[in-house]
Amino acid sequence: MKVIKIDKNDWTRGIDKSRETYQLFGPVTDKNQSVFKQLGKDAYPEMGRTDTIMSPKSVLFPQTEKILTASLDESVENHHIMQMPETDTTPRAVIGIRPYDAKAVQLVKLNFDTPEYRDTYWCDAYEATTFVGLAVNQPSASDFSTSMGSGPFAEEGLDLLLVDLDDHYLAKVLTPKGETFLDGAGFNGTADTDASLKTIQGMKEAAEAAITSLVPTDKLKEKSLLDLHGAPFWEDTAFSCINCGTCTFVCPTCWCFDIQDETKGKSTSRFRNWDSCMSPLFTMHGSGHNPRGEKTQRVRQRFMHKLKYFLDKYDQGSMCVGCGRCVEKCPVNIDIRSICNTMNSYEPQK
Ligand code: SF4
Ligand code: SF4
């Protein structure tokens, strides 16, 4: 295990040097909110922000993405034949991604990169990306990541883990991609590895202990899917939901999309756009039938997918990393932590 010391006085120089190789993404303030965005040539990641309203999932899965194009001009060879547009697979680095968001990428990968099917758009972007994480020294009140198999210093899915020690970072090198990023940025400050790892371990334990939101998940696996599906609490759970979809858009593990074609003049393009299982139109069939036409069915779908279907299908934990964004942003205070608790303890009436 290699640890590098990065003096904060050297930070902007290294970031500027890394721009020669990478497209950089990081947390920035936009309309008074902290979001992950591509950094312009004079912009630097705002590493102090712990409250990014959106995760960096759009780096791999843009909110709107052109996936196919075709010419409708019959004088052109191959007209009316859909083709993939040029895709950008130049190296990119996400600076300051939170450990739970990096784990979320690994959960999403289970859906986009399977033995049967490889989503080339997502996978190519994933392979081009280096994830430079920033440990969370002071978790927010809504952070329950330790209950969901992640944590403020978790390393899964990261290439580098930066730990903020006021005037410098300790950078834990986790993969060859992480090492390449440090080389490209010219970060090579030496650190006493054993002492650094001990410091990081102490900070990790303190940060984990600061998370007071603990959510039981131990019985979800053994619960009957049909019992949970038919449980009476979904009506109450869904009552106040206004189907705004906020919880799905801010969620780093939500991946639903819709496909739309747009034609302009003699060219046509096919796009995929983020969509939401909370929207009634999401499951509307061409026939007019809607298998999830009722609000309760949609709310149940979201939580059953996160906490039961995904767990049963992959046996790799829940499809939630405990980032707390949906808890903070739901306008009617629907809280996945209490729903998880209810599901985990549910016993059907005999
Ligand atoms: S954010 Fe809240 S109100 Fe909006 S769809 Fe999600 S659960 Fe419903
Ligand atoms: S379900 Fe909520 S808490 Fe869980 S990962 Fe998604 S936004 Fe975060």
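Predicted model: local features only at pLDDT ≥ 70, side-chain atom pairs only at ≥ 80, totals over all residues.
Local features are reported only at pLDDT of at least 70 and side-chain atom pairs only at pLDDT 80 or more, while totals for chains, interfaces and linings use all residues. Residues are numbered from 1 along each chain as its sequence is written, with chains lettered from A and ligands numbered from 1 in the order in which they are written.

The protein chain splits into domain 1 (2-210) and domain 2 (225-345), with bounds from an automatic or database domain assignment. Taken over C-alpha atoms, the domain centres sit 25 Å apart. Domain 1 puts 34 residues into the contact and domain 2 puts in 26 residues, where contact calls for C-beta atoms, placed from the backbone, within 7 Å.

Eight strands make up an open, mixed sheet, running β3-β2-β5-β6-β7-β8-β1-β9; strands pair if DSSP finds at least two bridges between them. The edges go to β3 (33-38) and β9 (189-190), each of which has a single partner strand, so one side of each lacks a neighbour in the sheet. Strand β2 (residues 23-30) pairs with β3 in the antiparallel sense over six bridges, and V28 has V35 in β3 as its bridge partner.

As for helix packing, α1 (residues 11-18) and α4 (residues 176-185) meet at about 105 degrees with their axes 7 Å apart. Axes here are lines fitted to C-alpha atoms, for helices over the stretch in contact, and angles run from 0 to 180 degrees between N-to-C directions. The pair is therefore roughly perpendicular, a label covering 65 to 115 degrees. From α1, G14, I15, K17 and S18 touch F181, G184 and A185 of α4, a set of three nonpolar, three polar and one charged.

Finally, the ligands. Around ligand 1 sit C241, I242, N243, C244, G245, T246, C247, M278, C330, P331, V332 and I334, each with its C-beta atom, placed from the backbone, within 6 Å. This shell has nine nonpolar, three polar and no charged residues. Ligand 2 is surrounded by 13 residues, the closest being C251, C320, C323, R325 and C326; here the shell holds eight nonpolar, three polar and two charged residues.

Technical notes
Nonpolar A, V, L, I, M, F, W, Y, C, P; charged D, E, K, R; others polar. Contact = placed C-beta atoms within 7 Å. Helix = DSSP H or I, 4+ residues; strand = E, 2+ residues; numbered from the N terminus. Parallel < 35°, antiparallel > 145°, perpendicular 65-115°, else oblique.
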